[in-house]
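Good morning, and thank you for coming.

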Amino acid sequence: MDEGSTGRILAQFKSENGELVGSPFDMSLDTTVDKLQLVCQAFLPEDTDNVYSFFINDSEVTGSIGDVVNQGLLETEKIIEIIYQPQAIFRVRAVTRCTSTIAGHAEAVISLAFSPCGRYLSSGSGDTTVRFWDLTTETPQFTCKGHKHWVLCIAWSGDGKKLASGCKNGEIILWKPDTGEQFGKTLKGHRQWITALCWEPVHRNPVCRFFASSSKDSTIKIWDTTTMRLSMTLSGHTQCVTCIKWGGEGLIYSASQDRTIKVWKAEDGMLCRTLQGHGHWVNTMTLSTDYAIRTGAFDPVQIAKEEKSNKEEIKSTSEDEIKSRAFERYKEVKGAKREKLVSGSDDFTLFLWEPEENKKPVARMTGHQALINEVLFSPDGRTIASASFDKSIKLWDGNTGKFLASLRGHVSSVYQIAWSADSRLLVSGSSDSTLKVWNIQSRKLLEDLPGHADEVYSVDWSPDGTRVASGGKDKVLKIWRS
């Protein structure tokens, strides 16, 4: 055994929010992760069920503490701070096989999404229809007709009771997932096609009354689903608005081909600030709280156990209870820090922002060799994944924007990515017609999933972790399971 792994250090545990736990203690350099786990649980008796990851100077301890010391990353004569991060208690298993190939759409599947509870799956297609699929039997359920042009985007309300779809004609239609019927009238107002849709988070409004739409006509519109009328129009961008996010603090973020990101107050539509830095079109954005906002009051752990948060329980739960439950989940992910935003651009770069109060970026993230197609925070907000036309996926630290790893394996552009609910796995869909599942801890390819006959445009992982759905140019939906 070499010298580095037989010495001793003085260590102290520290939470990811910066709080020191207990007093410093003496520890051998050959202490493994399993032993660290036991020591940490002794310091945190109220969290004995939790599994932790440990970091020293931003390096994860995967073997023994001595491995990190031997990399020359710390001075052993000082008190060494060991940062602990609780991991998801439940584990999502990697999908390994296609259980269903479901035909139905007459043209390419452009978008698809699981509902917040993971019990419904919907898709939008170039054949002008929206479809709902029965996940019990993995067969078509409802075909929703109303659009006259390609359905470009869909978005579920946080309570899972409404689905909005936007088309190339600039029209928006709401649908009821349990019947497939249209909800209210068709919403018209945009002069060009719809690029993105997003709903007000459940923890701010448990009835999910408002949603926002963005368009190639350079505007963002907020719609009231109670009166089925336009509530307000947000103007300020000079080119196509490519992406919008409704944050958990009452702000709406919009990204545009005019190279800016604008921050708006949702209550009155007032422009708060403009974020500048990108040298080309801004294509995609993600919030550190995206997953908590998407799933609302539905806890993926309980969905997986099928104990709570099932369809019947949510229907019988009061609005106050839904709001409170959603707020607790949001607060848990956000922690004591501000909501973070990452933007990805045609200029091959990403920016990490704290846009609630600051218009200067936290970090500029470089390394991609082509335009960035999609960027996504992990459900726990600790890791950022970006997919690019350079055939790679890159991982970045969710707090600092520091580069972590490149995931290579696709032989063509990567279009979309989706995280598993436990933040341990990532699935990617590519124009090379395959899906790939990646292990985030080892940063290696776990599963190669061929099967599509053409480019894969859309991919999503169900919130309960049991399924991945994919769709693309070959007009079929595929369901993948472990």
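A word on terms first: two strands count as paired if DSSP finds at least two bridges between them. Strands are DSSP runs of E with at least two residues, and helices are runs of H or I with at least four, both numbered from the N terminus. Please note that this is a predicted model, in which local features need pLDDT of at least 70, side-chain atom pairs count only at pLDDT 80 or more, and totals for chains, interfaces and linings use all residues. Residues are numbered from 1 along each chain as its sequence is written, and side-chain values use heavy atoms, with hydrogens and water left out.

Let me begin with β3, residues 51-56. Strand β4, residues 59-60, pairs with β3 in the antiparallel sense through two bridges, and Ile 56 has Ser 59 of β4 as its bridge partner. Two residues lie between the strands of this hairpin, where Asn 57 adopts a positive phi near 50 degrees.

β3 is also joined to β5, residues 79-87, by five bridges, again antiparallel; here Val 51 stands opposite Gln 87. Of the six residues in β3, five are buried, that is, under 20% relative accessible area with a 1.4 Å probe, protein chains only.

I turn now to the open sheet, whose four strands follow the order β7-β8-β9-β10 with antiparallel pairing. β7 (109-114) and β10 (139-145) each have a single partner strand, so one side of each lacks a neighbour in the sheet. Within this sheet, five bridges connect β8, residues 120-125, with β9, residues 129-134. Ser 123 has Arg 131 in β9 as its bridge partner.

Notes: Buried means under 20% relative accessible area, exposed over 50%, partly exposed in between (1.4 Å probe, protein chains only).
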